Amino acid sequence: MKKRGRKGFWSRMSILMLSSVLALGIIEDGGTLVQAAEQQSDKILSEQEAIKFAKKWMAVPARFEYLSGGYVGPYEGIRTPYGAWVFQWSHPNQSRIVYNIHPVSGQLLYYNYIDDKSETTVPITTKRKQMALEGAMQFLTKVMTPEERENLGEPQEGNFWSTNSSEPYHFTFNRVENGIPFKENYISVTASGEGKILFFRRIWSEGEMPDISKIISEKKARELLEQNTQPTMQYKRVSSGKEEAKYMLVYDYLPTDPQFVDAISGEMIDGEGRVAKPRLIKSLKDMPPVAAPTEGKGFSGVFTYEQAKESAIHYLQTTYPDLQADIYMLDSQSDDIDSYDGKPRWQDYFVKFGWLKNGNLVGNGDTNFSLYITPRTGESGYGKDPLAPPVIEDNNKQIVDMASAKKTEQAMNKTLELYYFQPKIDVDEVVEPKPRLVYRLSGAYGVVDAHTGKWIGN
């Protein structure tokens, strides 16, 4: 497979950028390469080191004073696998600037200039849009390496909320590797008509890329997808035509269903980027009675998450015996589990459950509920209102088998796509998973009616 570089776009822009560097005044210290991004280390930057990087990528304007800063760990508030240093500076007029800095490399991950007092209205002109694009492009020469910039697609214009009615200008550069798109990896830049940078976001996976020399053929990929994709029959809110959305029994994909094929290994991959595995959903009725845990309670006790789950199941089994066939416990639970290194926990635990109807999942997540469990007492609860299942009126006994449903689906999705995407990181993972290269069948958006076998477009 030939690599399709992006040199054409960057070459066309180079003359324009060079002619406007001095006019824009946005490059400080002559820095054009992100050297730190190439230097991987286990050392977390100190706060002062990270602040130096922030000022290197974008100087703090006059009269802005340091407001706050702190390290946000992996998968806390900013939802990245490596965390970030987050800093804010403020101006007397209440404007603020925010930086997110990679805690190891010093790479700029996020920048936002927030000026809620701006009321200037400037009409859109071709010249001002061009100046905005030049400013964005010039900024990228500072915060990205040449190799990274070569893997940027053409800029896509988008909308960006602002108090200014017609500016700023927002551009998204999607990532392309070896001529293949990398889904949900991109660079976003927002600039004013003078080329001033107002916003920047970097979503760029860092893992080792798959070896495309080992890619399976398109014919083989299509065969594997046609044979091995496996949507789940479930109750889901569906809109049909102008009718209001209602619960219908349909075939559609859950995140854990096999729906891609790994373009290197030929393995079936689920929607989260993992090797697909069979999933057995058991209602509480199919589970043996669970006794309420007695150990670990009290002010000095250590009540574990496993005990919290036992307490929650016991509560539902004893409080709602008539709903046992309609409730199941979710495989994916809270990321706020343990571990207090053997010390007492004061915050409540939360355990998640979902609904079933006739053994089929309901709602695809939008009807799930949680029980709280208090570690000091071991007691579980739901809330003031009694627990009640979603109301679904469906007495139709006719069911279309999966093979027929797949034929309908595949008739609507004949295009074979190839792209990279980043697997979802598990709660207990420390290192970001490597990107995957996958094939999928695409075309129309919709589901298959499990009663009639007809396609319902979204």
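The side chains of lysine 424 and glutamate 272 come together in a salt bridge (a side-chain nitrogen of Lys or Arg within 4 Å of a carboxyl oxygen of Asp or Glu), with 3.8 Å from N to O. Lysine 424 sits in the loop between strand 18 and strand 19 (436-442) and glutamate 272 in the loop between strand 12 (268-270) and helix 6 (305-319), so this pair joins parts 152 residues apart in sequence. Helices (H or I, at least four residues) and strands (E, at least two) are DSSP runs, numbered from the N terminus.

This is a predicted model, where local features need pLDDT of at least 70 and side-chain atom pairs count only at pLDDT 80 or more, while totals for chains, interfaces and linings use all residues. Residues are numbered from 1 along each chain as its sequence is written, and side-chain values use heavy atoms, leaving out hydrogens and water.

Across the whole structure, the search finds 12 salt bridges. Here are three of them:

| Pair | N to O distance |
|---|---|
| Lysine 424 and glutamate 272 | 3.8 Å |
| Glutamate 417 and lysine 183 | 3.5 Å |
| Glutamate 194 and arginine 128 | 2.7 Å |

Glutamate 417 belongs to strand 18 (residues 415-421) and lysine 183 to strand 7, so their bridge ties together parts 234 residues apart in sequence. Glutamate 194, in the loop between strand 7 (180-191) and strand 8 (197-203), pairs with arginine 128 of helix 3 (residues 126-143), 66 residues apart.

How accessible are these residues? Arginine 128 is buried at 18% relative accessibility, where buried means under 20% relative accessible area, exposed over 50% and partly exposed in between (1.4 Å probe, protein chains only). Lysine 424 is partly exposed at 49%, as is glutamate 272 at 23%.
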